[in-house]
Amino acid sequence: MRRILGIDPGFALLGFGVVDENVRGEVATLDYGVIETTKDEKFADRLNKVYRGILSLIDTYKPDAMAIEELFFFKNQKTIIPVAEVRGVVILAGIERGLKMFEYTPLQIKQALTGNGRAEKKQIQFMVKSILGLDKIPKPDDAADALAVALTHLQTNNDLVDNSIN
């Protein structure tokens, strides 16, 4: 059995998804959602909220590894630094709890789930729903994206060092 915590980094909404894979390769969803912060909060408080939220998820679900989406390209240059800082506290939380950490680019995620590196967001969401046997596409999108990251790890990585952060 493998348990993976998938993370879609963001500082307003950070998506998370927890999935299990049994010895037969069957995958089940344990939980998904977002850690939400608001622009009314000081940025340091937002980072702390994300950090504490990730620690809580790790302590609750005890995953074997964390898979996080790599910052690859950002349309909005104003958000890249805050998202990178959020990503840093997420990685710190995982390392602090002794998790194996892996990162995947959006291209790798699209390729793993659809076989097409140029897949649209709706295709990824449909595949997440299908693979996990869910009744509907997880909402918000950040949660679906986090589940996609976790599934990418299960489908492409048996703890190979290629995508390992640590």
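The model is predicted: local features need pLDDT of at least 70, side-chain atom pairs count only at pLDDT 80 or more, and totals for chains, interfaces and linings use all residues. Residues are numbered from 1 along each chain as its sequence is written, and side-chain values use heavy atoms, with hydrogens and water left out.

**The sheet.** Select the five strands of the open sheet, ordered β3-β2-β1-β4-β5 with mixed pairing. Strands here are DSSP E runs of at least two residues, helices are H or I runs of at least four, and both are numbered from the N terminus. Two strands pair if DSSP finds at least two bridges between them.

**β2 and β3.** Nine bridges join these antiparallel strands. Pick L13: its bridge partner in β3 is E36.

**E21.** Move to E21 in β2 (residues 13–21). E21 is buried, at 16% relative accessible area (buried is under 20%, exposed over 50%, partly exposed in between; 1.4 Å probe, protein chains only). Beyond neighbours within four places in sequence, E21 contacts M1, R2, E26, V27 and L154 (contact: heavy atoms within 4.5 Å).

**α3 and α4.** Now select helix α3 (residues 106–114) and helix α4 (residues 121–132): their axes come within 10 Å and cross at roughly 50°. Axes are lines fitted to C-alpha atoms, for helices over the stretch in contact, with angles from 0 to 180 degrees between N-to-C directions. Show I109, K110, L113 and T114 of α3 against Q123, I124, M127, V128 and I131 of α4.
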